[in-house]
Amino acid sequence: MPQNEGPQHDATPHEGFEEELGAVLRSTGDGFSVDVRSELVAGGLQRGRRRLLRRRLAVTGGVLALAAVGIGGVYGGSLLGPAGQATTTSVAAPPRTGAANGTGSKTESVPELPVKDLAAVLKANVPAGQWQIDNLAGQGHAVVGVYDDGKGKAGVTVGLYRAGTTGEAGEDQVTCPDKVVVPYDRCVSERLPGGDRLMVLQGYEYPDKRVETKNWRAVLLTKDGFLVDASEYNAAAEKGASITRENPPFSGSQLKNLVTAEGWRPLLKKLGETPKPAPGDVQLPPVPSAAAVQATLRSLLPEGVTVKSHGGDDGHGYVVVDDGKGESLVGVDVQPSAGEAVAGLFARDGVVTLPDGTKVRSTQQPGEKGGAGVVWWSVDTLTPEGFRVGVSAFNSGAQHEAATRAEPALTMEQLKALALSPKWRKLPLK
């Protein structure tokens, strides 16, 4: 059965991903208020927000999912540095005190903490072992080190952050992801006595690539809006290091004890209260609710398919369908205000312009997340007013799992009809 009918993208699967990322970051950055941008860059949440990014990328594939990240998601040091530059550091750096943000206002300076104080609390709340701590004499919001209990070295990081002014960002960090989206071995999310919330996740650093670098993580969201985020690995570093042991050194209960330790409380207080957005601040563009997107997606599915599971976030939804020939993942991102930067992505060869001015970009390519034999079909649309809808379909129930069929359950024409449906523009925004 052919897999290449219809318009094609004739380059490698990853071509354009960096361009898409840059465009979304540029257009999204213009929508942040001063306080929100300061929280996203300086407040960190980089590991948790990177997890949110991965969850969306895992559903719809790299390019289209960035629409959801651009409007409904949040991100920190793994994507942006102090001045908005791309960075590969694992810990977000705070902006300089009083640094201009380009709007004539001043960004807030988030207090830094002595790394030696963070290290002292870390060492006091895990089993005894040998430590190599980075930047021990410095300042920051996280302690990064290598732990060795005699059974193999393991990278360990603990960061302290304010949850941000939006509230929803912190809640996401203590909610277990959907296993259709992110594979993991075990996850527990609970509300603790006193009102704090906790998530303990035993998963993988590269779940989409099936590399056995395990990432076990515990996140505490305090009732007063702070996060204690601890990660450990079965390798000496998060990336690029050989696996040194079967599992990370600390059990789930030990991770829980670590992030709930009372020793963090005085340090969290030094971060200060989370500032409230000032009247008139520009907020993230509104998007349709998760429930509305999912309901609309289901209503637009062709006859003959059965929905096996569904999920999503605000502005984003997915379903796993089966037409009797195997499971197929279908996802949609709805971005009412895409921004001018995204328009450049629709200026390439192969983009079709409809009579009403809507641009349509159709792509068929291999999947990106490691599932054997997975193909990824997508239709991305942009109206002259900047309303963007992107739809993707796969020949598997999850990108990281092997193909269950030769092609996705929806044809390219069906995906195009789904993306161009006028129903999307009628959804109420929140």
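Q: Hi! Are W131 and Y147 buried or exposed?
A: Both W131 and Y147 are buried, where buried means under 20% relative accessible area, exposed over 50%, and partly exposed in between (1.4 Å probe, protein chains only). This is a predicted model, in which local features need pLDDT of at least 70, side-chain atom pairs count only at pLDDT 80 or more, and totals for chains, interfaces and linings use all residues. Residues are numbered from 1 along each chain as its sequence is written, and side-chain values use heavy atoms, leaving out hydrogens and water.

Q: Thanks! How many aromatic pairs does a search of the whole structure find?
A: The search finds 3 aromatic pairs. Rings of Phe, Tyr and Trp (its six-membered ring) pair if their centres lie within 6.5 Å; planes under 30 degrees apart count as stacked, over 60 as edge-to-face and the rest as tilted.

Q: Why is the pair of W131 and Y147 called tilted?
A: The planes of the two rings are at 55°, so the pair of W131 and Y147 is tilted, with centres 5.0 Å apart.

Q: And which strands are they in?
A: W131 lies in strand β2 and Y147 in strand β4 (residues 142–148), so the pair ties together parts that are 16 residues apart in sequence. Strands (E, at least two residues) and helices (H or I, at least four) are DSSP runs, numbered from the N terminus.

Q: What about W376 and F394?
A: W376 and F394 form a stacked aromatic pair, at 6.1 Å centre to centre with 25° between the planes. W376 is in strand β15 (residues 375–382) and F394 in strand β16 (residues 388–394), 18 residues apart. Both W376 and F394 are buried.

Q: Which residues do ring pairs link into a cluster?
A: That cluster holds W131, Y147 and F250.

Q: New topic: which residues are buried in helix α7?
A: In α7 (residues 252–259), the buried ones are G252, L255, L258 and V259. They cover an arc of only 115° around the axis (taken from the directions from the helix axis to the C-beta atoms), which puts them on the same side of α7.

Q: Where does R361 lie?
A: R361 lies over the face of F346, at 5.4 Å from the ring centre. A charge sits over a ring if NZ of Lys or CZ of Arg is within 6 Å of the ring centre and within 35 degrees of the ring normal.

Q: Last one: how many helices and strands are in the chain?
A: The chain has 11 helices and 16 strands, and buried residues make up 56% of its 430 residues.
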